[in-house]
Amino acid sequence: MLDAVRLRLAAAGDDATPGGVAAALRAQGRLLGDTEILGVVTALRSEMVGAGPLEPLLAAPDVTDVLVNGPQEVWVDRGSGLERADVGFADAAAVRRLAQRLATAAGRRLDDARPWVDARLPDGTRLHAVLPPVVVGGPCLSLRVVRTRAFTLEELIAAGSMDAGTARLLRAVLDARLSFLVSGGTGSGKTTLLSCLLGLVEPDERIVLAEDSAELRPRHPHVVRLETRPANQEGIGQVTLRDLVRQALRMRPDRLVVGEVRGPEVLDLLAALNTGHEGGCGTVHANAASDVPARLEALGSTAGLDRAALHSQLAAALSVVVHLVRDRSGRRRVAEIHVLERGRDGLVTTLPALAGTERGPGWARLAALCERGRAAQAVQAVSPAGTAAGRPR
Ligand SMILES: Nc1ncnc2c1ncn2[C@@H]1O[C@H](COP(=O)(O)OP(=O)(O)OP(=O)(O)O)[C@@H](O)[C@H]1O
Ligand SMILES: [Mg+2]
């Protein structure tokens, strides 16, 4: 019935107003009551402007991901793993229409020539869509809801994502301006934690963010957000994360942040952190904190940096790795905090400073780094050049 109404409205050039819909229904020989007509109007409108049948899911406060595998197969994550959602589409064509409309809303194309899209919707929601035959079966949609407000540390403690001791340690890492990476698997809450931590940065510091899709939303009064851009249809105009990191360095950042380190920008980030841009941070995909050096090595090698050079940069550039996991119950939490250490062979490894609530062999080193950082801050605060502008960079 919806299809017939849609066609009729399109043919008549009418909008999905109650009058237009009633006329289209009448023309089909259907007589419906006011409530039914309004139901049809709402369904058509959300299909035309919103996320269609996914709208109520995306609007629910606890939903983090909505995945569409087929017209009758919609999954949702409400914080405790995936569950089947009680909504559906008329057919695969309706899923395809929604995917294309969302892609258009994000300013991208999605068609047979460009069968996938990875973009951000105007409200911040992250959209991935892929069309057959690249995906076998019907079109597939993955939506990640981004919270408009960052969690506070207290909220993360209340949610069971960390205990008060871990929160204190993270605050000390921020205060001492140590550079750090938040690591973890897909969807483990890296971006969310980084957003929260950036909210702890002193208000007189300038934060410059470089991201593939602008997801970080720190509660901080002084933030500049840079976002990459794909090439246009003629293949020009691409802006990469590398470009952004280089631009960010010219923008007098007190904290340089790379949303997600996943390519050659690792070189620019490490170089920046080595040249006085202390306190920088970012996220990286890794299965464990101890895997981070190898992961960065792999990223660096794709950009042509050899192992020894990368490790020597890494040793001086990065101090701490905060690792997140998502446990079986679906809860996202800080699993371990490691500190970086360079061995006799020149290679960097990580030492656990905190694993769960247990102090590890790296604890003393991390405490010393925090102490040294805080002392350096204090010296600057009392020296004549100790304004924010006087900080070394
Ligand atoms: N501690 C938390 N408690 C509750 N929800 C959380 C928590 N951390 C993250 N989330 C939610 O989980 C979803 C995924 O979080 P986030 O985007 O931060 O993960 P990520 O590790 O950066 O993912 P990706 O690997 O895709 O970059 C988001 O919708 C976010 O709001
Ligand atoms: Mg992320």
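Modeller: Some ground rules. Residues are numbered from 1 along each chain as its sequence is written, while chains are lettered from A and ligands numbered from 1 in the order in which they are written. As this is a predicted model, local features need pLDDT of at least 70 and side-chain atom pairs count only at pLDDT 80 or more, whereas totals for chains, interfaces and linings use all residues.

Biologist: What does UniProt place at residues 50-327?

Modeller: An unreviewed UniProt entry puts "domain: Bacterial type II secretion system protein E" there. UniProt positions follow the numbering used here, feature names are shortened, and annotations may be inferred rather than shown by experiment. In the model, that span is 31% helix and 22% strand, and its end C-alpha atoms lie 33 Å apart. Helices (H or I, at least four residues) and strands (E, at least two) are DSSP runs, numbered from the N terminus.

Biologist: How do you know that β1 and β6 pair?

Modeller: Two strands pair if DSSP finds at least two bridges between them. Strand β1 (residues 65-70) and strand β6 (residues 140-144) have 4 bridges, in the antiparallel sense, so they meet that definition. Asp 65, for instance, has Arg 144 in β6 as its bridge partner. β6 also pairs with β5 (residues 126-130), again antiparallel, over 5 bridges; there Leu 127 is partnered by Leu 143.

Biologist: What makes β3 and β4 edge strands?

Modeller: The open sheet has 6 strands in the order β3-β2-β1-β6-β5-β4, with antiparallel pairing. β3 (82-84) and β4 (116-120) each have a single partner strand, so one side of each is left without a neighbour in the sheet. Neighbouring strands here are turned by 15 degrees against each other on average, direction ignored. For β3, the link to β2 (residues 73-77) is 3 bridges, running antiparallel, with Val 76 opposite Glu 83.

Biologist: Which strands does helix α5 lie across?

Modeller: Helix α5 (residues 92-105) lies across β1, β4, β5 and β6, at about 135 degrees to β5. Axes are lines fitted to C-alpha atoms, for helices over the stretch in contact, and angles run from 0 to 180 degrees between N-to-C directions.

Biologist: What stands out in the loop between β5 and β6?

Modeller: Pro 133 lies in that loop, and the peptide bond from Pro 132 to Pro 133 is cis, with omega near 5 degrees. Elsewhere, Arg 177 has a positive phi, near 55 degrees, though not a glycine; Arg 177 sits in the loop between α7 (164-175) and β7 (180-184). Most residues other than glycine have a negative phi, and most peptide bonds are trans.

Biologist: Why are α1 and α2 called roughly perpendicular?

Modeller: Angles under 35 degrees count as roughly parallel, over 145 as roughly antiparallel, 65 to 115 as roughly perpendicular and the rest as oblique. The axes of α1 (residues 2-12) and α2 (residues 18-27) come within 9 Å and cross at roughly 110 degrees, so the pair is roughly perpendicular. Val 5, Arg 8 and Leu 9 of α1 make the contact with Gly 20, Val 21, Ala 24, Leu 25 and Ala 27 of α2. Contact means C-beta atoms, placed from the backbone, within 7 Å.

Biologist: And why are α9 and α10 roughly parallel?

Modeller: Helix α9 (residues 241-249) and helix α10 (residues 265-274) have axes that come within 8 Å and cross at roughly 20 degrees. That angle is under 35 degrees, so they count as roughly parallel. Among the residues in contact are Leu 241 and Val 245 of α9 and Leu 269 of α10.

Biologist: What is the order of the sheet with 9 strands?

Modeller: This open sheet runs β9-β8-β10-β11-β7-β12-β13-β14-β15, with mixed pairing. Its edge strands, β9 (223-227) and β15 (358-359), each pair on one side only. β9 runs parallel to β8 (residues 207-211), joined by 5 bridges, and Leu 209 stands opposite Arg 225. Helix α9 packs on this sheet, touching β8, β9 and β10 (255-258), and its direction makes about 170 degrees with that of β8. Helix α11 (residues 292-302) lies across β7, β11 (281-285), β12 (320-326) and β14 (348-355), at about 140 degrees to β14.

Terms used. Two residues are in contact if their C-beta atoms, placed from the backbone, lie within 7 Å.
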